[in-house]
Amino acid sequence: MTKRIDLHTHSTASDGVLSPAEVVRLAHQEGVGTIALTDHDTVDGLEEARQEAERLSMRFVPGVELSVTWGKKTIHIVSLAPKELGPYRCYAKRIWQQRDARARKMGAKFEALGIYNMYESALELAGNPLNLSRRHFAMALHQRGTVGSEDEAFARYLRDDGPAFVKTEWSSLSDAMRLIEETGGIAVLAHPGRYRFPEPYSIQDLLEDFRALGGEVIEVTTGSHCPSENESFIRVAVNMGFAASTGSDYHGHRPGRPGPGQQEQLPTYLTTVLDLIDKRNNQ
Ligand code: AMP
Ligand code: MN
Ligand code: MN
Ligand code: MN
């Protein structure tokens, strides 16, 4: 049986619930042969994950998922297989400051809603207290019983423009693409089916901007898409000539979401990001 591929996963280095080694171990149990760890705005989990993958004779692809502001919204660009990690540590320092400042403001918004000490509760759940995510707030609200699920926490408080949302200007798309290029990584537009832009921005403009800045790969099958979105981005990859990536976007067990490597795999007729990485390594 061919081994499964998962090029998008999260650990406690960002907003996942398992340690880097645990994510890799679970993926191995689930029949994954090739795995990338792609935590938000950090490369800190990569060494632990790489060692575990090596121990289990899996192929490991280092990665990082960058927060980018485009079209007045947050989008995500995954850098896969960068040769140099140092520049991501400098980048992370800046983003973590923004994340911490945002989290404090979110805490203040929750206070105003009569929900107290949320910043402190979110901090307690974060593997890296500097890399605080909205998801840590969702986890804290769920644990307290304020909401029945993390999804409900987003729907009621944390969604874009929700009552606890604090707008943040992350990197520009061109800065993120430059960082990826400088470090020898391959840029992947993550879960393109998930974005909703205000007029006059559109997903088509994003795809074209991404390509104009050197982007060659889009994620087509992902745990963050529904099946019809997978279908439509397979067609986009074919029609616009993008190579394809695939990943579960696993953060921990969540009902209705795939475990590591359990997302729909790529159709064999597409050029994959692994093909591009292999070609680059053989040059
Ligand atoms: P942040 O990068 O801190 O703004 O947090 C965004 C993270 O929250 C994403 O990476 C997802 O893990 C999670 N997330 C975003 N929207 C939702 C949602 N509607 N339901 C559950 N989790 C979500
Ligand atoms: Mn996340
Ligand atoms: Mn993402
Ligand atoms: Mn992700």
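User: Is Phe-210 buried or exposed here?
Analyst: In this predicted model, Phe-210 is buried, because its relative accessible area is 0%.

User: And which ring does Phe-210 pair with?
Analyst: Phe-210 pairs with Phe-242, and since the ring centres lie 6.1 Å apart while the planes stand at 40°, the pair counts as tilted. The two residues come from distant parts of the chain, with Phe-210 in helix H8 and Phe-242 in the loop between helix H9 and strand S7, 32 residues apart.

User: What about Phe-242, buried or exposed?
Analyst: Phe-242 counts as buried, because its relative accessibility is 5%.

User: Which residue lies over the face of Phe-242?
Analyst: That is Arg-211, which is placed over the face of the Phe-242 ring at 5.7 Å from the ring centre.

User: Changing topic, how many aromatic pairs does the whole structure have?
Analyst: A search of the whole structure finds six aromatic pairs. One of them joins Trp-70 and Tyr-201 in an edge-to-face arrangement, at 5.6 Å centre to centre and with 70° between the planes.

User: Where do Trp-70 and Tyr-201 sit in the chain?
Analyst: Trp-70 belongs to strand S3, whereas Tyr-201 is in the loop between strand S5 and helix H8, so that the pair links parts of the chain 131 residues apart.

User: Why does Trp-70 count as buried?
Analyst: Trp-70 counts as buried because its relative accessibility is 10%, and the cut-off for buried is under 20%. Tyr-201, by contrast, has a relative accessibility of 31% and therefore counts as partly exposed.

User: Which residues are in the cluster with Trp-70 and Tyr-201?
Analyst: Ring pairs link Trp-70 and Tyr-201 with Tyr-195 and Phe-197 into a cluster.

Terms used:
Residues numbered from 1 in each chain as written. Chains lettered and ligands numbered in written order. Predicted model: local features only at pLDDT ≥ 70, side-chain atom pairs only at ≥ 80, totals over all residues. Heavy atoms only, no water. Phe/Tyr/Trp six-rings, centres within 6.5 Å; stacked < 30°, edge-to-face > 60°. Helix = DSSP H or I, 4+ residues; strand = E, 2+ residues; numbered from the N terminus. Buried < 20%, exposed > 50% of the residue type's maximum accessible area, 1.4 Å probe, protein only. Lys NZ or Arg CZ within 6 Å of the ring centre and 35° of its normal.
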